[in-house]
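Hello,

Here is the structure I promised to pass on to you. Have a look at it first, and then read on for what turned up in it.

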Amino acid sequence: MMNQLLIHVIIILFPIFINQFFYATKRSHARNNFYYIMNGLLFGLSSVLCMSLSITVIDGFEWDLRIIPIILAILYGGRHYWSGITALAMMFVFRIAVGGDDIVFALAVFILFALPCFWIAKSFYAYSPKKRVYTGIWLTLYSNAIISCLLFFYASLMRYELSLKADGVIHFIMMELLSFFSIIVASLLYENMIEKQAMRHELEQNEKLKIVSQLAASVAHEVRNPLTVVKGFLQLFKENADESKKNYLQIALSELERAELIITDYLNLAKPHSEHLETVYVPDFLHHTVEMMYSYGLIKNVEIKLVISFADKELYITADKTKLSQVIINLIKNGVEAITKSGTVTVSGSRDAHTVVIEVADTGAGMSEETIANIGTPFFTTKESGTGLGTLVSIRIVEAMSGKISFASKPGKGTTVTLKFPAVTPIDK
């Protein structure tokens, strides 16, 4: 009995170990449908092996842990349902191949436990790691309850009297406990894999930022000085030049101003830490910032809206107003430029528990998962004349003010950038 139970645990953990060694290095944008189908095949195989090594518990009725791999495949497949669908299909095909007089009963079990799993999967990765583990445990409890209830219902329907002997009850309890142990261990291993992957990605980003910051610190000041001299002489020449030459001088001056902006971005990237932190009332701050961008939106035929959603009006954060304004303006500008004909950029502020949330959402072209994964990479840009530093600087500024920034987008449906800052209480209250 114990040997069979241990084999079940090994079978359940098998796909996770394979995932960790062969698939964990893949980034999220590289995980296409083929990856999720292969993942589903691994969990489906695990489920089939569990069914092949089922254990007799009560009066000839056999029990196994086929449910655990299916729950893992569905939940950790997230919005990519192919993983769960593939694993579920393998299990059902094998069940039909085995045969027996209770296939309808098995199908009912599959449907009743799979539907809630798929419904939860679409928002599963939005949960905290601890909540994801708890969700797996609750779904295992729910599935076992469904199987137990249908088992007794099937026995009564077939007029089969169950003799609850001591050995059978003990086996049943051990299988229940093992199922909880398996889902906990498997979930923790999966979460550890996700955490390691996030840390690896963060280390890669930090290494890139370190290189760019060092480059910025060593070059920016030296480049700015000669640019200032050249700009001064060009402005002097422009005053005494004829009309035909003034246009060329103006073009040269505008390009020098653009070069100065790039150098400023480099300097902000090298020194993102804010020295002038103060308590900021978000509604007034957003109203003032959005107001500055109204004219830019009108020129581009884009409506810029401000939505403030709060009940207690406690929308206060600690921030550097100038740098935070730079971030919001940059995000609004990106949203406006992402809209080709006409559309809307919506700036909103709200409070979620102890966090103040600022969102900038546009109805533009949107981005693919691969593009989102590359956001924040030095010199990566989707604009023809962009440098990729604007968004990178914005990320660094937000992080320097103890905030978090995230991007969500779908091609053709627009992009939403979410900023989260710790909420504070004004000193004068």
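Below is a short tour, from the whole chain down to single residues.

Please keep in mind that this is a predicted model. The protein has 12 helices and nine strands. Of its 429 residues, 42% are buried. If you take the contacts with a separation of 6 or more, 76% of them are between residues 24 or more positions apart. The protein exposes about 23500 Å², and 62% of that comes from carbon and sulfur atoms.

How many residues lie between β8 and β9 in their hairpin? There are three, and Gly 412 in the turn has a positive phi of about 85 degrees. While you are looking at strands, remember that in a regular strand the side chains alternate between the two faces of the sheet.

Next, please find Arg 132 in helix α6, which spans residues 129–157. Is Arg 132 buried or exposed? Arg 132 counts as buried because its relative accessibility is 6%, and the cut-off for buried is under 20%. Its side chain makes a polar contact of 2.7 Å with the side chain of Glu 191. Apart from neighbours within four places in sequence, Arg 132 touches Tyr 76, Phe 124, Tyr 125, Tyr 127, Glu 191 and Ile 194.

Ile 37, Leu 41, Tyr 81, Trp 82 and Ile 85 together make a nonpolar patch of about 410 Å². Helices α2 (33–52) and α4 (82–98) each provide at least two residues of this patch. One of the patch residues is Ile 85, which you will find in helix α4. With a relative accessibility of 41%, Ile 85 counts as partly exposed, because that class lies between 20% and 50%.

Enjoy exploring it, and write back whenever you like.

Best wishes

Definitions and conventions. Residues are numbered from 1 along each chain as its sequence is written. This is a predicted model: local features need pLDDT of at least 70, side-chain atom pairs count only at pLDDT 80 or more; totals for chains, interfaces and linings use all residues. Side-chain values use heavy atoms; hydrogens and water are left out. Two strands pair if DSSP finds at least two bridges between them. Helices (H or I, at least four residues) and strands (E, at least two) are DSSP runs, numbered from the N terminus. Buried means under 20% relative accessible area, exposed over 50%, partly exposed in between (1.4 Å probe, protein chains only). Contact means heavy atoms within 4.5 Å. Accessible areas come from the Shrake-Rupley method with a 1.4 Å probe; for residues, only the protein chains shown count as cover. A polar contact is a pair of N or O atoms within 3.5 Å; within protein, one must be able to donate a hydrogen and the other to accept it, and residues adjacent in sequence count only if both atoms are side-chain atoms. Patches are made of residues with over 30% relative accessible area and no salt bridge: like charges are joined within 9 Å, nonpolar side chains (Val, Leu, Ile, Met, Phe, Trp, Tyr) within 5 Å. A salt bridge is a side-chain nitrogen of Lys or Arg within 4 Å of a carboxyl oxygen of Asp or Glu.
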